[in-house]
Amino acid sequence: MRVSYNWLKEYVDITISPQELADRLTLAGLAVDAVEEVGAEIENVVTGRITKIEKHPNADKLVVCTVDVGQPETLQIVTGATNVREGHIIPVALEGAKLAGGLQIKRSKLRGVESQGMLCSGQELGIEAKLLSPDMAHGILILPEDVPIGQDAKEILGLNDFILDLDLTPNRGDALSMIGVARDVAAILKQDLKIPEPEFTEGEEKVQDLAQVDIVDQDLCRRYVARVIKGVKVGVSPMWLQNRLRAAGVRPISNIVDVTNYVMLELGQPLHAFDYDRLKNHHIIVRRAKDNEKIVSLDGVERTLNPDMLVITDEAGPVGVAGVMGGLDSEVTDQTTSVLLESAYFHPTNIRRTSKALGLRSESSMRFEKGIDINGCLRAANRAIQLMQQLAGGTVAAGVIDNFPAPITEKTILLRPQRVNWVLGTDIAREEIIDILCRLQFKVQSQNDDLMVTVPAFRPDISREIDLIEEVARLHGFNQIPETLPFGPSTRGHRTPEQQLVWDVREIMTACGFFEVVTYSFVHPRIFDMMNLPPDSRFRNVVKLQNPLSEEQSVMRTVLVPSLLEVLQRNINRRNKEGAIFEIARVFYPQQGQQLPAEVPVLAAVAIGQTPKTWNQPARPMDFFFIKGVAEQLLDTLGVAGATFSRHQDPSFHPGRCAQIKVNGEVLGVVGELHPNVIENYELPERAVALKIDLQVLAQADRPVKQYQGLPKFPAVERDLAVLVKQEVSAADMLDVIKKAGGNLLRHVDIFDVYQGTQVPQGFKSVAFSMKFQAPDRTLTDEEINQKMERITKNLTAQTGAELRK
């Protein structure tokens, strides 16, 4: 919410500076993010009238303007602007003037013709292009005809102001208006709040004879106020109105539309003006939309409606989406002469859902979503009618259509002063509590030692005693509440087993040289094709979003690796050719008969290129064995027992370089090199490897308690063994045979060499093992070691077909 300091002073006598006001509002719960001094850089810019325009003698795209700036002599100014005409009143930067961005104006010659200043565009005066009409967004700023010349342009354009940028909490919908903010300012400064009273004259025609309003769905529209004004003249708004709208970030359009926006900003009540003559039979009907009903909204987009949405219709069809945006067919244009004004209360939740479903969020919907003052609808309509009559003329129809099926009663809440002080840890006097609430326009009555507080309708966020205590606290001053140590029983915080597992996994992956990334849970459906998944893959059964931001994020992911590959792709496109990244996140699977999907926590990691070269370690490729080693390191550090790796076929992975990880017979994950098609789909320059682990299965895996034992007293004996074995025999099977045959005396076994080539028969490989034997109670003899080695060799031959290499 952008709040103009000058505008605010019309409702409250403010005697402090904008910065001090911002500080005090922040302490009172209305946080001010920034205070912007509008037009701080602008100097020596005045209003002027173009009295003559001639072609530039030496340039086709330039003209020479004679400009009257209220001085004895006119100025000659050269410009390339195409939107200026004789008689236009425009801002003129005189010689020596300073503009937004630090630009300083000097007398100069343009193609041989002297220019004694510059005609200013809105952007050169610090006005954003989006706040200007299309013809002035990239041209000279044209001012209304009644603006006097020779005046300081900062005064005329409202650039001598300060803007307070409020960051409001969701519950403070009342502060989305100037009066709402002024109410808090008045309470803080202990000043009176000045709210303008609408005054206008009515004609003889009665509004009941001119229009009809029917509310069909009263649960979604609890009040609808309509007024009619005839004989208006649509035109440009006066400068004071344009300035206030721009200060609030709203673009001026026309006097009628600007009035509705002004009153919305002033009172917080969204309004809509219909062209009265374009409403069929002048009959307003408020109802739910029909399935697939269409409307072209004011932004020119055709929108498809559904029965969950509330629409404003006439007897021919929709003329507006309630609380969100009006329809193009009934908008106010330059030809409009009669206006039907709408001021209504729509259900906040319904407006929010409609806005989300249509992908259309407006200033109006934002206020309805947070809840408005249902009792303020009539006041806002009268205020708008007053301003329309002042600025556009016309005759106001006598009376008002006020369809209010179920008027509300204001809430009354019991407030205990002693409870206030107990909660806040203060000693605020009863009289001060009453004073604070009265300054906020709450009605307070005494009931013995307690207070009965009536909450006005403009504060729908107040529903309980604790809410009133918060109001007392913020007006008393949070900085005035004394600091005290907490008391009562305390507990030691700790992580749950699931949280600790995620923490440990993150630490281990980081130690292995991986960087953690965070990606969106929403993905594009094409990722399943890019990952080589077959049409019947269970991963293609996804949760689809009803209102995706784009097709790129239209479904919830069931696999995590594609998100990491996109990160790798972006890095490679920026010449980061190597990388190892991981993410711990959830994937989502639809559940039959359940509204919410199953959320499964998983770990995914991908790597490409080589490991970093260090002073004592050469760079090595991050290949299948690297990523398998990372998986082994993860499981070993976590103390997971019984993990096995076996050959596996996965459509996303290379058919010969993929392994499935199991723990106690349950699938834990997959590790391996990605399929060449996947590499090509993601435009990766070389092979990439990936790891994916189900953290739910990992959390249930056996993790034996660590047992410590003393250092061995007796020496170990090391033996090497090299065998020839067929290529298809896995190293894991051979290691399993060796460990079983070695028994308790075999303390450790490693593969230190795998060789294929000369001296090794075709279709075979040479595998060399290093083994360490040790006994806890004696020194082993050669005979014992030889027996173990003989048994290991025999079992290898019998179970794997291995032959001792000689």
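Throughout these views, contact means heavy atoms within 4.5 Å. The model is predicted, with local features needing pLDDT of at least 70 and side-chain atom pairs counting only at pLDDT 80 or more, while totals for chains, interfaces and linings use all residues. Residues are numbered from 1 along each chain as its sequence is written, and side-chain values use heavy atoms, leaving out hydrogens and water.

**View 1. Lys-662 and the residues it touches.** Leaving aside residues up to four places away in sequence, Lys-662 touches Gly-642, Ala-643, Thr-644, Val-667 and Leu-668. You'll find Lys-662 in strand E34 (residues 653-663); helices (H or I, at least four residues) and strands (E, at least two) are DSSP runs, numbered from the N terminus. Ile-149 sits 513 residues from Lys-662 along the chain, and their C-alpha atoms are separated by 85 Å.

**View 2. Helix H15 against helix H18.** Here H15 (residues 497-511) and H18 (residues 624-638) have axes that come within 10 Å and cross at roughly 135 degrees. Axes are lines fitted to C-alpha atoms, for helices over the stretch in contact, and angles run from 0 to 180 degrees between N-to-C directions. On the H15 side, look for Leu-501, Asp-504, Val-505, Ile-508 and Met-509; they meet Val-630, Gln-633, Leu-634, Thr-637 and Leu-638 in H18.

**View 3. Helix H8 packed with helix H11.** This pair, H8 (residues 255-267) and H11 (residues 377-392), packs at an angle of about 140 degrees, with axes 9 Å apart. Among the H8 residues in the contact are Ile-256, Val-259 and Tyr-262, while those from H11 include Arg-383, Leu-387 and Met-388.
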